[in-house]
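Visitor: Please take me through one part of this model in detail, and show me how it relates to what lies around it.

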Amino acid sequence: MAWLIKGGWVVTAERVEQADLLIEGERIVARKPGLATSSADVLDARGKYVLPGVIDAHVHYQMPIGNLWTADDFYTGTAAAACGGVTTVIDYAEPLGSGDRLEEAIERRLEEAGEKAAVDFSLHLVLLPGHEEDTKALQAAVERGLVSFKIFTTYNQRLSYTAIKKCIQASQEIGALVTVHAEDHELVMSAREKLKAGGRTSVRYHALSRPHEAEVEAVRRLIDIAKECQAPLYFVHISTAGAAELIASARRAGLQVFGETCPHYLLLTDKVYNTEDAPLYLMCPPLRTREDNLKLWEVLSEGYFQVVATDHCSYTPEQKLSGTAFWDTPAGVPGTETLLPLLYSYGVREGWLSLPQLVQVLSTNPARLFGLYPRKGELNPGSDADIVIFDPRKEIKLSAEALHSAARYTPFEGYTLKGYPEATFLRGQLVYYQGRFLGRPGQGRFIPGKLQI
Ligand code: URP
Ligand code: ZN
Ligand code: ZN
């Protein structure tokens, strides 16, 4: 099967240029103006942008939490992803407990994802206390293609700062990248206890229960550790101005510190916790203020954040409303399908990001950081033909009814978008066209990461 994508504006991390793309089988074979062939289907891309497939570097599909499961499994989650121009997702292989062998956690997750995924996927490996000592298993994980580890400073999965230092050192020796959910557990717990003591337990208090300082303190301590070890460190879902400033200043000082933020931290504020829909917006860390939104945009625009991902962790409204307090409401929001159009409308159109920057933070940078480049994140001959045709003139009002996640709601309901994906190719196959998903479960492949940084 061959495709010729004709007359579009091809956007890469470096530039925007008018060129045609020829796809043969699963790969791009040529990129230049004036390509012609009689043996390919032609897609007229005049007036459209042609982008490398988006990589959502932070998703949680088919995840158990207490006696619940996330609404999206690997099929519904990745089908929705394809409809938003996302061709690769990076989920998590998570051991069941500290005693669970990492190899088993990896094979289990590969099997779960492989059966159902409709776009390509890679995996970060979650480390629970004690796993950081098992350097043999860490090395084996890297050889299996899991080149990034995920640790927490909070929740039951948390590692102490001392264990985190060991983990960072061990990972550095192997060449793997440590990614971290950074909220200082003691500060979170002390805020929670104060609120509980005052009877303030509803979701209205969620933002106060995980204060800005908790993120800032954890980021400060972790940057110090990274500096001491002279090792790279990647912060997931940064939500506060304070943490963003710390990451920017660490990078200015030459440290290999990387930052990720999410559309909800760029666009939404904690005001929603005063509404009756508050549980629908509960995620950790919580939404912050307008000032935080603006600082995050600024830091992203200046290139100090490398990745925008979604932390897609979807529950239905019924599941979200099943909690009784801020600590037992299922945490997380859906987002993968709306990542690209939101970032285009509110990032590019509002002047925060150029088109090449959009491609950097949504595709090329995550591909590079997580060992998928140049197979992914690029539009060169030889790269996988993961391509989005994006119509910058298409105007829509976001509505969950038109989206594909099993969450059945979006935190961005009613948002006006100018610009929307028209078509998505996954390794040369048309998997989405004008509102319709055309792919199938099991079509997505595991893409092993290769060490790069
Ligand atoms: O609330 C969130 N973010 N849920 C997903 C798990 C995590 O902490 O990333
Ligand atoms: Zn997290
Ligand atoms: Zn997450």
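**Helix 4 and the zinc sites**

Guide: The buried residues of helix 4 pack against helix 3 (135-144), strand 11 (148-152), strand 12, helix 7 (212-229) and strand 13, where contact means heavy atoms within 4.5 Å. This is a predicted model, in which local features need pLDDT of at least 70 and side-chain atom pairs count only at pLDDT 80 or more, while totals for chains, interfaces and linings use all residues. Residues are numbered from 1 along each chain as written, chains are lettered from A and ligands numbered from 1 in written order, and side-chain values use heavy atoms, without hydrogens and water.

Helix 4 itself covers residues 161-174, and its 14 residues reach 20 Å from first to last C-alpha, close to the expected 20 Å, a span taken as 1.5 Å times one less than the number of residues. Helices (H or I, at least four residues) and strands (E, at least two) are DSSP runs numbered from the N terminus. On helix 4 the buried residues are Y161, A163, I164, C167, I168, A170, S171 and I174, buried being under 20% relative accessible area, exposed over 50% and partly exposed in between (1.4 Å probe, protein chains only). After helix 4 comes G175, with a positive phi near 100°.

The zinc ion (ligand 2) is coordinated at 2.1 Å by H181 (ND1) and H237 (NE2), donors being N, O and S atoms within 2.8 Å of the metal (3.2 Å for Na, K and Ca), with water absent, so sites may look incomplete. H181 belongs to strand 12 (residues 177-181) and H237 to the loop between strand 13 and helix 8, so that this pair links distant parts of the chain, 56 residues apart. Both H181 and H237 are buried. Among the four donor atoms of ligand 2 the angles run from 57 to 151°, and the site is irregular.

The zinc ion (ligand 3) lies 3.8 Å from the zinc ion (ligand 2), and its protein donors are H58 (NE2), H60 (NE2) and D311 (OD), 2.0 to 2.1 Å away. Along the chain these donors follow the spacing H-x1-H-x250-D. H58 lies in the loop between strand 6 (54-56) and strand 7 (64-65), and D311 in the loop between strand 15 (307-308) and helix 11 (317-320), so the pair ties together parts 253 residues apart in sequence. Both H58 and D311 are buried.

Technical notes: Four donors count as tetrahedral if all angles lie between 85 and 135 degrees; four count as square planar and six as octahedral if opposite donors are over 155 degrees apart and all others between 65 and 115; anything else is irregular.
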